Amino acid sequence: MPNIVIDDREIEVPAGTKVIDAARQLDIMIPRFCYHVALGSVGACRVCAVKFVEGPFKGVQMSCMIDAKDGMVVSTTDEEAVEFRKYVIECLMLHHPHDCPVCDEGGHCLLQDMTISGGHGIRRYLGSKRTYRDQYLGPLVQHEMNRCIHCYRCSRFYQEFAGYRDLGVMQSANRVFFGRYEDGILESPFTGNLSDICPTGVYTDKPSRFIGRRWDYERSPSLCINCSLGCHTVASARYRQLVRQEARYSEEVNGYFICDRGRYGFFYASHEKRPRRALVEGEEVAYHQAIDTVREKLAQISGSAGPEAIACLSSERSSLETQAMLKRVCQNKNWSGPLFFMEQSLAEKVKTATARLEPGLTVSLRELEQADFILAVGADPINEAPMLALAMRQAQRFGGRVVVIDPRPIFLPFDFQHLPVRLHEVDLYLSLMIKAAVDRETATELGPSAAEFYQTIPTLETAAVPLQEQIATLAQELRGCQRPVIVCGTEVVPQTTPALAADQVLLLKAMDKQTGLFYLMPGANTFGASLLSGDDGSFSTTLESIEKGKIKALIVTERDLFWKYQNKQRLERIIEKLDLLVVLDYVDSETAQKSDVFFPVSSLYEAGGVFINQEGRVQVAPKVYLGGTPIKQNSGGGHPPRVYGVGIPGSEPRPAWQVVVEIGNGELPPDEETAFATTRKWLAEGNPVFANLPPIDQFPDDGVRLGPALDVGSRFSLDWQTERHPKRNSDGLELILVDWTFGTEELSIYSPHLRQVEKEPCLSMHTSDAVRLGLSSGDKVAIRFDGGRVEASLCVAENMASGVIVMPRHRLLEWQKIKELPRIVRFEEIEKVSV
Amino acid sequence: MNKDDLTERFASILRRADRRARERRNEAIPTIYIVMSTCGLASGAAETKQAFEEALSDKDIGARIVPVGCLGHCYAEPLVVIDHPATGFPPICYHQVTVARARRLVRSYLEKGDPVFEYVLGALEENDLIPAVTDFARFNLEQRLVMEHCGRIDPDDIYQYIAAGGYSGLVKALCLEPEELIDEIETSGLRGRGGAGFPAGRKWRLASTAKADGKIIICNGDEGDPGAYMDRTILESNPHQLLEGLAICAYAVGADQAIVYVRAEYPLAVKTIKGAIKSAEGVALLGSTILGTTFSLNVSVFQGSGAFVCGEETALIQSIEGKRGMPQHRPPYPVEKGLWGRPTVVNNVKTLSSVPPIIKNGTEWFRGSGTETSPGTAIFSVVGNVKHPGLVEIAMGTSLRTLIFDVCGGIPNKKSFKAVQIGGPSGGCLPESFLDTPIDFDSLTQAGAMMGSGGMVVMDEDSCMVDVARYFIDFTQKESCGKCTFCRIGTRHLLNILDRITNGEGSEQDLELLGTLSEDIKLGSLCGLGETAPNPVLTSLRYFLDEYEAHIKENRCPAHKCRALTAFYIDLEKCARGCEVCVGCCPVEAIFTTRGRKKAIDQKLCVKCGECAVVCPPEYDAVLKVSPPELAPTLERTPDGK
């Protein structure tokens, strides 16, 4: 460990640490433009120059390029170095347009800060400035090349870090240009990060353009709830409108970056159509009136048909407080539920995953970047959790191997190996691969059940012939690697896969490897839902009870029943049948519109909340702003806005948990206490896993990872071989419903900007199936489902399993006509639509 | 490795080569060697060759035509050497052999035995009949260690190189331990010929001690200096010497892969080196198990796309990796972590070509030429205002004066010497007072220039030093990769300032800015390109400050070069009545007739192209050029004057 002296202070740093980083550990911020911790150093900008007084290097040198070595003495304040840095700034400013007053970066611009702190003011050099033509880069990022100081951060992030190729460096010398070959929407789903990393205003956040300076905003750390990863964000609001979200550094979860779905998925919070008044039978009423009405009706139903005639349905996107509070109320009142999942098999898979995430196996997203072999099973990272793809890219970039076993046409922005097998074969191929890598002795060491489990795995000959060699080679690599991670999806995979993945990870671990297990889950707080979820009943039984008239009232918190349920007609009938449908939500969903009583609730940004991500990390999102209708919306352009009334316009929504408490005639906790404070103890009583949670104001920034108790009994207990799998269907295609990066997620679809980057929804099938049906890419096809025809264009792909048809749950597709799942689409049900 | 076995295998190849040479001699027909490298082809060697072929078949004379590489005498291209043993003359070298001369040579010399003395440059051997080329300074002051065989052998025929002693260095090297070999190179004192002069032996040792598999040797043939073509000539004229050096180097450091990096703008060099690799592999002198030993070397050619900066080793490596050719920070040096992360030796074409003669003849022989710290020879492409431009190989330590005035014949057209630019765009301009500087790495660096890769531009009194500095900065400015701030922006502003000065818009503050900006570019740039880019400015400021000052303070260009600061006028005393030549050639109709039927220039219209001065008949020589432009007397154009 080298010892280095910087500005007369000594520090010991690990070998290989750059001087600029060593200085940071001493809280000395050496100026930088091109250097970025995540992107590394290139030595382009020259502004991190410091004076090396003693040691192997002498004189003014770049601190980002030189490893700290024993005996180095460095001065950051040496006159020569300061002079040099000043000169760099002067050079960079020679071509900068000085348009800070109209630049959106102004106020949080690194170049602005450095220029002012460096004292540069007067231009000594004559000559015209270099100018460029800007490009249209899509609805998310604004391009303004004249401001560029050529730090290469954008191209390094875009190409090296993220793996996309459509934005990069062009031309040379003084004409170096960063952009695309031609105007067009950027292909990567990580483009918003360009605005974050650009040290000046070349890439600025387009949706928040001209809205305000950073110091105008109410800014607060927040969390992303657009998928299960729980990335850290900073949210900004102005004039009661949420206007911008940026990535927030997280050591454990997302690092420096976030995906575009997370960054631009917040528009539901200030949406024009967001309901802000309580409704009874479609009429706006005062909040307390609505409470009274609900209480009265519930009492009536409870009295006539018993409390179990009232059912509650919670959601994966609700905060832990709301979920817990609903469960408490249900228990107190003896109501049915609450249910947390609409699909029973999904509930089972997620519960298995939650139970099998042993403390020694769990890896965080950042830890996954260190893996040297990633085996993803039934997961489509770019579409289901884009930041996972970025983490996998890092692993791949540093030499790791990525293998995906999945029937879908998987795209990842880097080289990986894809075994496109049918869903029911996923388990088999995962097991084949592990068996080929782990030897029998190792399995036997884990005990008789493991040995028997190992024994039941068939030999490699069972695999399809073209894949045998590939699996053997990959298994060989897997055997040689040190830090393998299995990534397992929970949505499309068979019931058995999550447990099987955990078992296979245990086998790998027995080979003295530092093994990791990483599950993907469908919602931001699925983990919480799974922990609170009881064993009593499923949504389909609830539906049957409603149809039979046993359940007469349904309370739905923050969920759109129609969003992920495949039988729209049935839901409509059921809502007709119900005596009372109470909906609490912050978006104007179809369910909300069909409710008898509706309560507007606060969004994450107004209420804050506790969320548990897919690795069991409990994280807190504080409040960002007070809420209310954005001034822009309620002033109607008038100035000054004139609305007469008491309080902030549109501030009726309350946190969902409060509404839940009030519906259940409970007592609200005193104002300064949060729901979490009151439920923490109750949670711990119900499940010991919550026992060590700190109070909400003492939560560490990266949250607290829950450690579920070891469930040794369930290890290797799975008899996955005897599970009845659908035989290969010769007269039809297995339907797989999937998520896409944009257009299938419930909240982000409210973003007008993301709607512009959505791809047109299409069905995917394998070339061989398309040939058999006489179809080709781009054809418009219709599928006759039991609920009606669904039309979409077709994508024919080579990189997917044959015998399946993949359909996104896209907002523009009426896939809810499917009616029954699982579903085999017979060939005669697919027809070409002539245009 | 069995040494006897090895030498025996090579001996059989050598026997084959000798037999072929003997057979050729025994045929006893004339041999015509035509210089067919790029410079020869540019001056019409292909047509010359065709003319020879046609004339020979017309006359039905049996003769062998052998295309050879470059002799370095560019001023005399197309060069032809005719060896006609039957006449009793030694091989004779002819200059400027055009199509007509070729026919005449066939008619007179080959048919009738008359050697056509007026076309003779000299005989290649000492004799009593024809003066030998070695009597000329251009030949006898040169010392050809590296280019010994250039222009003497057919580059496409490996046996000619072998017959001339080629590949015996490799055989000798394979009999040594790699360690001994590196010692040998280290004691020879061979320094990298790419410009910086880093000791080759030390580089090899660093690479050989690096513990890693798959070491790589890269031959840097990305020659980009304006006016420099040494590497191209070697690649085109004697590729096997380079390949031999490459193989010796690979053996010494333990590499099994070598890449020859050549610019795609050198199609002939690419073709020649590719052919050479193939034929060397054909006789097991390259490829797997060379000469039956365990040593294998896979050589491939990589064509660069012509970015000047790719001559910098780290940028070159990036470019081979398929990335943007941008230099990387060193350390890590390529010898530790180079191409694909493996230890890589990057050596210049000339460095590697120097290796075989050193191994063959020993270090003492090599140290016999040159100076103590820079042994061996230097190859320069001397261009500009000299009588005999071309490639010159001279011993290190030779003075600039000898090189320019003796070897290259001095300044033509009775002009006087002004400056010499050494080391290409990154070198410096040295004035007359430095003419006695010995040419070696250290002396040139001390003088403010640098050895560079070997480009040398000689300038006479008509060169404006500000304009020269501007020219070179314009070049580096365009060739900057755009990575680091100073090189990208600083050179652009150096150019802006120089543009202003040459346009007569400079201020005294500009001189100060030139100095400080240049110093900062030197200090702050990432790679050698930026670090050396301001050299032309710094040296011209140091040695020719008066010219800068004349531009700025007096609005005068002392060399009468900068257009904005000069003017043409017609001396009425000298102008001939009635002559209309200048009027006819003026592209902008700025010349009009005065009352006395003499001519005058309308300064408002004149674009200073200088055509009138060119066409004015020498007996009048009436068009004069002055600076500053105010010195030109103005004659008002009469309303009816044309």
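Predicted model: local features only at pLDDT ≥ 70, side-chain atom pairs only at ≥ 80, totals over all residues.

Visitor: How many disulfides does a search of the whole structure find?

Guide: It finds 0 disulfides over all chains. Take Cys429(B): the nearest cysteine sulfur belongs to Cys464(B) and is 11 Å away. A disulfide needs two cysteine sulfurs within 2.5 Å, so Cys429(B) is in no disulfide.

Visitor: Why does Cys429(B) count as buried?

Guide: Buried means under 20% relative accessible area. Cys429(B) has 0%, so it counts as buried. Cys582(B), at 9%, is buried too.

Visitor: Which residues touch the most other members of the largest nonpolar core?

Guide: Those are Phe599(A) and Ile663(A), in a core of 194 residues. Beyond its neighbours within four places in sequence, Phe599(A) is in contact with residues including Tyr287(A), Ile291(A), Leu584(A) and Ile663(A). There's also a second, separate core of 74 residues, with Leu243(B) and Tyr266(B) among them.

Visitor: What makes β25 and β27 of chain A edge strands?

Guide: They belong to an open, antiparallel sheet ordered β25-β26-β27 in chain A. Each of β25 (609-612) and β27 (704-705) has a single partner strand, so one side of each is left without a neighbour in the sheet.

Visitor: How do you know that β26(A) pairs with β27(A)?

Guide: Pairing takes at least two bridges, and 2 bridges join these antiparallel strands. Across them, Val618(A) stands opposite Val704(A).

Terms used: Residues numbered from 1 in each chain as written. Chains lettered and ligands numbered in written order. Heavy atoms only, no water. Buried < 20%, exposed > 50% of the residue type's maximum accessible area, 1.4 Å probe, protein only. Core = buried A, V, L, I, M, F, W, Y, C linked by side-chain atoms within 4.5 Å. Contact = heavy atoms within 4.5 Å. Helix = DSSP H or I, 4+ residues; strand = E, 2+ residues; numbered from the N terminus.
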